[in-house]
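This is a short walk through one predicted model. Please look at the sequence and the structure before reading on.

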Amino acid sequence: MDKTLISADRLSVGYGRKVIVNGIEFEVKQGEILTLIGPNGAGKSTVLKTIAGYLKRLDGTVMVGNRDMLEFSEKEMAKKLSVVLTERISPELMTCREVVETGRYPYTGSFGLLTEKDRAVVENAIEKVSMQDYADVDFSSVSDGQRQRVMLARGICQEPQILILDEPTSYLDIHHKIQFLEILRSLAKEKQMAVILSMHELDFAEKISDYVLCIKGGKITLSGTPDKVFTAENIMGLYDIPEKLYHKYF
């Protein structure tokens, strides 16, 4: 039986004392993908950063397995959960392979030396995202889409149970969007990971998700399976799209 890897109960997120999204509840089991959708500025990134522990939650709980994630040390959590955010990083004088290698830090000693096993995991992750031809290229010189794939490989290298991604296909062309989403689906099923991501591309979100959370106006307005969420009425309401325009473009 699939077990719940991560869940939230009455979670409130925001900055300082300002609540951005309130009353968030979900659970993601092994092999499942949960997608957050909603208009720009609704708070999807804030929710993800709070779930990942980057922001302090204002109320409620986030459970990893049967433990509150606050009970884990940083190193313990790095073995459980990996995060791929849209913020651009600029590592100095590092190749793509070296950036991927940093994903092994939870497993290396204090000197950060990689074992043969670590190197095998790194090469497998690079191959998984089809970046073999760029592995020894300076990270700062590759395209935004290639950087995104490198960061996914870095996340895979952590061998997490839970993978969190914020708008992971933003900089990818259509070919690499599809490839990226196929990688996520295979990771979820083959590695029995729990994947949580945000997306703007509703057609892709509908196809890849097991469950969907709709965020608008500081709350979860709807949650459920894609067939329940992706109806004309729901999407028009979520994005304030007039019916005439919805039927013209959808």
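A residue is called buried when its relative accessible area is under 20%, exposed when that area is over 50%, and partly exposed in between. Ser 130 has a relative accessibility of 32%, so Ser 130 counts as partly exposed. To find Ser 130, look at the loop between helix H4 (116-128) and helix H5. The backbone at Ser 130 has a positive phi of about 60°, although this residue is not a glycine.

Two packed helices are described by the angle between their axes and the distance between the axes. Helix H5 covers residues 144-157 and helix H6 covers residues 174-190; their axes are 12 Å apart and form an angle of about 5°. Because angles under 35 degrees count as roughly parallel, H5 is roughly parallel to H6.

Which residues of H5 and H6 make the contact? On the H5 side they are Gln 148, Arg 149, Leu 152 and Ile 156. H6 contributes His 176, Gln 179, Phe 180, Ile 183, Leu 184 and Leu 187. Sorted by type, the residues of this contact between H5 and H6 are six nonpolar, three polar and one charged.

Gln 192 is not a glycine, yet has a positive phi of about 55°. With a relative accessible area of 28%, Gln 192 is partly exposed.

Terms used. Residues are numbered from 1 along each chain as its sequence is written. This is a predicted model: local features need pLDDT of at least 70, side-chain atom pairs count only at pLDDT 80 or more; totals for chains, interfaces and linings use all residues. Side-chain values use heavy atoms; hydrogens and water are left out. Axes are lines fitted to C-alpha atoms, for helices over the stretch in contact, and angles run from 0 to 180 degrees between N-to-C directions. Helices (H or I, at least four residues) and strands (E, at least two) are DSSP runs, numbered from the N terminus. Angles under 35 degrees count as roughly parallel, over 145 as roughly antiparallel, 65 to 115 as roughly perpendicular and the rest as oblique. Contact means heavy atoms within 4.5 Å. Ala, Val, Leu, Ile, Met, Phe, Trp, Tyr, Cys and Pro count as nonpolar, Asp, Glu, Lys and Arg as charged, and the others, Gly among them, as polar. Buried means under 20% relative accessible area, exposed over 50%, partly exposed in between (1.4 Å probe, protein chains only).
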